[in-house]
Amino acid sequence: MRQWLGLLVALSLAPACRLSTRLPIFTASGNLRVTVDAWARLSNASGAVTATSKGADDVPEQMRRVNRDGLPSGAPVDLVYVVDTTGSMGDDINAAKAQMRATLADLTRQHPDRKVGIVAYRDRGDAYVARVVLALDVDERRIQAGIDSLRTGGGGDLREHVYAGLDMALHEQPWRPAASHHIVLIGDAPPHEDYADDPRTYASVMAEAARPELAVKIHTIGVTCDADCQKALAAEGER
Ligand SMILES: [Ca+2]
């Protein structure tokens, strides 16, 4: 039965695969589709950019693509990276670190009045669930140092506490009232939708992001699932 379902979903994805090579490899469990859909659900609501990396080396290019296609020209810009720092994200974050100088230079050229902040998130049971790594800052060295300080670990099950990361960025960053507000979410696993006792949900973050005084666009960069991630996907499919 699972094979038939897998075949059906694979066939339904086939036209999209012809249109774009950026879609990650599809697995028989169907859960990767869950990740892609969860990301699009976050970014489509506000007309933000939905990007998918082809692999770790493609992450910096996708970051620059969001800057090019997702930010308004001629306005002050506040941009907060909300980053999954669980174990499977190591090579993707290293790629972002290595090209952060070029990415920032690119951003500054297009948007001279810009501030950048960073929020890291993991999951329950890890060293932290979410934390502010850098409050919105104009200084290039501090932004680079913030990115360089990101370490990966933990994660446990496949899903991570994406909504805790977004909630922290929305509530605990010093957004400038007159700036255009943007989150760039970078991760490879879908959000936990099963934390019934947690107020941080899809509905809560979307409502907060849409508040007129805040008006934050949530752009997403879905990271291609590496070997560890594939193993976790397969495990979830068997539960
Ligand atoms: Ca997890």
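A215 counts as partly exposed because it has 13 C-beta neighbours inside 10 Å. The cut-offs here: 20 or more other C-beta atoms within 10 Å makes a residue buried, 12 or fewer makes it exposed, and anything in between is partly exposed, with C-beta atoms placed from the backbone. A215 sits in the loop between α8 and β6, and its phi is near 45°, a positive value in a residue other than glycine. For context, most residues other than glycine have a negative phi.

A word on the model itself: it is predicted, so local features need pLDDT of at least 70 and side-chain atom pairs count only at pLDDT 80 or more, while totals for chains, interfaces and linings use all residues. Numbering starts from 1 along each chain as its sequence is written.

## The chain overall

The chain comes to nine helices and six strands. These are DSSP runs numbered from the N terminus: H or I over at least four residues for helices, E over at least two for strands. Of the 239 residues, 42% count as buried.

Take the contacts between residues at least 6 apart in sequence: 81% of them join residues at least 24 apart. A contact here means two C-beta atoms, placed from the backbone, within 7 Å of each other.

## The sheet

The six strands make an open sheet with mixed pairing, in the order β1-β6-β5-β2-β3-β4. Two strands pair if DSSP finds at least two bridges between them. β1 (50-52) and β4 stand at the edges with a single partner strand each, so one side of each has no neighbour in the sheet. From one strand to the next, the twist averages 15°. Angles run from 0 to 180 degrees between N-to-C directions, and axes are lines fitted to C-alpha atoms, for helices over the stretch in contact.

## β3 and its two partners

What does β3 do on either side? It pairs with β2 in the parallel sense over eight bridges, and five bridges join β3 to β4, those two running antiparallel. On the β4 side, Y121 stands opposite A130 and V116 stands opposite D137.

β3 is mostly covered, with eight of its eight residues buried. R114, V116, I118 and A120 point one way from the strand, K115, G117, V119 and Y121 point the other way, and all are buried.

## α7, the enclosed helix

Helix α7 (residues 162-172) has nine of its eleven residues buried, so it is largely enclosed by the rest of the structure. The buried ones are V162, Y163, A164, G165, L166, D167, M168, A169 and L170. Their cover includes β2 (77-84), β3 (114-121), β4 (130-137), β5 (180-187), α8 (202-210) and β6 (216-222).

## How α7 meets α8

α7 and α8 pack at an angle of about 25°, their axes 10 Å apart. That makes α7 roughly parallel to α8; the scale calls angles under 35 degrees roughly parallel, over 145 roughly antiparallel, 65 to 115 roughly perpendicular, and the rest oblique. α7 passes α8 in a left-handed crossing, meaning that the near helix is turned anticlockwise from the far one by less than a right angle (clockwise would be right-handed).

On the α7 side the contact is made by Y163, L166, D167 and L170, and on the α8 side by Y202, S204, V205, E208 and A209. These residues divide into six nonpolar, one polar and two charged. In that scheme Ala, Val, Leu, Ile, Met, Phe, Trp, Tyr, Cys and Pro are nonpolar, Asp, Glu, Lys and Arg are charged, and the others, Gly among them, are polar.

## How α3 meets α4

Helix α3 (residues 59-70) and helix α4 (residues 90-98) have axes that come within 8 Å and cross at roughly 60°. That makes α3 oblique to α4. V59, P60 and M63 in α3 meet D92, A95 and A96 in α4, a set that divides into five nonpolar, no polar and one charged.

## R141, out in the open

R141 belongs to helix α6 (residues 140-148). Is R141 buried or exposed? With 8 other C-beta atoms within 10 Å, R141 is exposed. The C-alpha atoms of R141 and R101 are separated by 9.2 Å, with the two residues 40 apart along the chain.
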